[in-house]
Amino acid sequence: MAAAPVKVTVLTTLYNKGPFVAEAVQSILDNTFTDLELLVVDDASTDGGLEVVRSIADPRIRLLESPVNTGRAAAANRGYDAARGEYVAVLDADDIAHPERLAKQVAFMDTHPEVGISGTAYQVLGRSGPVARWPTTDAECRAKLLFGDPVLYGSSIMRRSLLANHALRCDPAWRHPGMDYLFTVRFAQYTRYANLPEALLHYRMGSNNMRHERDPAEDKRRIIKEVFRIFSLPMTDPELELQLALHDLFRVPFTARHVVELRSWTRRLAAMNRERRLFPEDLFEAELERRWKRLFHHLADHDLSAGLTHLRLSGSWPMSRSTYLVKATLNRWTGRKR
C-alpha cells in the first residue's frame, strides 16, 4: 500500500552532525505546520548521529541509510528522488527551524504559484547580531546570481514538480563547498525566486561547517568557474582572478595595473549581460558598481597607486576617500620606519 502524500517533505542530509541533529529534527517536529514528513538521508555517519535519529519516536520521520559515504550532493539527490511532498524544504542537520517556518513558507508558496523556490533570512545561533537577509524579489535575486546564492539553501522550500519535470539535481561529483549555491542557480531558467524577510532559521556556525579551515579563495575560484560555465559565459584565467577580487579575495597584491584591468572586466561583464540578457540589466550593473566601490578601502590600505587609480576610474574624488587614502599611506610609511 502506497504511503499517503504529504504537503511538505523536509529533507535533512546527515553526516557526522551527531551532537546537533536531535535539536534540528525536533525543531521540525515542533513546527506548527504538521502535514509533513522528515526525510533524513544518512551518508554513512560514524559519530552516532544515525542512532540519535533512530531513537526519536515519531512516525513522520523517514530514514534513508547509505553503506558508504557519497558526499553531500549525492545524498541530497537521494532525498529529492525519495521525497513525496508537494514541496521539498531543506534543513541542514546542525541548524534549527523557527516554529513558524514551514507554515509561513507554505502559505507564501501557495499564494505565489510563479515562484518555484524561496528562502528566508537567518539569525546566527547563539548570537544577537544583525539578521542576515537575502533579496526578496526575483529581479534582485537574479541580479546577484554571478556572486552568490539567490536563496539560502538551508532555509529553502521548492516545488517538487520542478525537480521532477526538469531533472533538477545537485552535481553528485561535487565534494566541495558551494554545492547548494550551484544547485539553486540551476533553477534560474525555469522559475522565479523569492525570499521572506523574516529570520525563520537559526544557522549554526563553527567547525561543523564545511568551509571551516579551508582556503576560501581556492573554494571560490572553483565555484566561480562552474557558475560561469552554467551561464556559458567566457572567462580567461586572468579574468577569473579579477572576478575573485569582486568577492574581496586576492591571490596577489593588487597594483594600479590590476585596478585598470578590473575596471575593464566589470565593463565587459555589463556588456556581455546587455547582449545576453541573463540578469536584470540595471540591478546587475548596480551590483557590479557596489562591488567595485567597496574595493577602495582594501586598495588604499595596501598601495597608494592602486587607491589613486581606483578614485580616478570611479570618476569622483570624495573628500572622505581622499582623506582615507592619505591617512592609510601615512600609516604604512610610519609603520615601515619603526
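**Note on the predicted model**

1. Arg263 lies over the face of Trp292, at 4.4 Å from the ring centre. This contact, like everything below, is read from a predicted model.

2. Eight strands form an open sheet in the order β3-β2-β1-β4-β7-β6-β8-β5, and the pairing is mixed. Its edges are β3 (61-65) and β5 (96-97), each of which pairs on one side only. Strands in a sheet pair through backbone hydrogen bonds, in either a parallel or an antiparallel sense.

3. Strand β1 (residues 8-14) has seven of its seven residues buried, so the strand is largely enclosed by the rest of the structure. The burial applies to both faces: Val8, Val10, Thr12 and Leu14 are buried on one side, and Thr9, Leu11 and Thr13 are buried on the other.

4. The pairing of β1 can be followed to two partners. With strand β2 (residues 36-42) β1 pairs in the parallel sense, over seven bridges, and Thr13 has Val41 of β2 as its bridge partner. With β4 the pairing is also parallel and has four bridges; here Leu11 has Val90 of β4 as its bridge partner.

5. Strand β4 (residues 87-90) is buried on both sides too: Tyr87 and Ala89 point one way, Val88 and Val90 point the other way, and all are buried. β4 and strand β7 (residues 157-159) run antiparallel and are joined by three bridges. Within that pairing, the bridge partner of Ala89 is Ile157 in β7. Tyr122 stands opposite Leu201 in β8.

6. The count of aromatic pairs comes to 11. In one of them, the ring centres of Tyr122 and Trp134 are 5.8 Å apart and the planes are at 50 degrees, so the pair is tilted. The pair links distant parts of the chain, with Tyr122 in strand β6 (residues 115-124) and Trp134 in the loop between β6 and α5 (138-143), 12 residues apart. Are these two residues buried or exposed? Tyr122 is buried, at a relative accessible area of 14%, and Trp134 is buried as well, at 18%.

7. Ring pairs also join Tyr80, Tyr153, Phe183 and Phe187 into a cluster.

8. The second largest pocket has a volume of about 200 Å³. It is lined by 15 residues, and those closest to its centre are Val185, Arg186, Ala188, Gln189 and Ile230. By type, the lining of this pocket divides into 10 nonpolar, two polar and three charged residues.

9. Two loop residues deserve a look at the backbone. Asn16 is not a glycine, yet has a positive phi of about 55 degrees. Asn16 is found in the loop between β1 and α1 (18-29), where the residue is partly exposed, with a relative accessible area of 28%.

10. The other is Arg277, also not a glycine, with a positive phi of about 55 degrees. Arg277 lies in the loop between α10 (256-276) and α11 (281-294). Is this residue buried or exposed? At 74% relative accessibility, Arg277 counts as exposed.

11. Leu311 belongs to helix α13 (residues 304-314). With a relative accessibility of 2%, Leu311 counts as buried. The C-alpha atoms of Leu311 and Leu325 are separated by 9.8 Å, and the two residues are 14 apart along the chain.

Key
Residues are numbered from 1 along each chain as its sequence is written. This is a predicted model: local features need pLDDT of at least 70, side-chain atom pairs count only at pLDDT 80 or more; totals for chains, interfaces and linings use all residues. Side-chain values use heavy atoms; hydrogens and water are left out. Rings of Phe, Tyr and Trp (its six-membered ring) pair if their centres lie within 6.5 Å; planes under 30 degrees apart count as stacked, over 60 as edge-to-face and the rest as tilted. Buried means under 20% relative accessible area, exposed over 50%, partly exposed in between (1.4 Å probe, protein chains only). A charge sits over a ring if NZ of Lys or CZ of Arg is within 6 Å of the ring centre and within 35 degrees of the ring normal. On a 1 Å grid over the protein atoms alone, a cavity is a set of points where a 1.4 Å probe fits but cannot get out, and a pocket is an open set with protein on both sides within 12 Å along at least five of seven lines; lining residues have an atom within 4 Å of a point. Grid points are joined across faces, edges and corners, and a volume is the space filled by probe spheres set on the points. Ala, Val, Leu, Ile, Met, Phe, Trp, Tyr, Cys and Pro count as nonpolar, Asp, Glu, Lys and Arg as charged, and the others, Gly among them, as polar. Two strands pair if DSSP finds at least two bridges between them.
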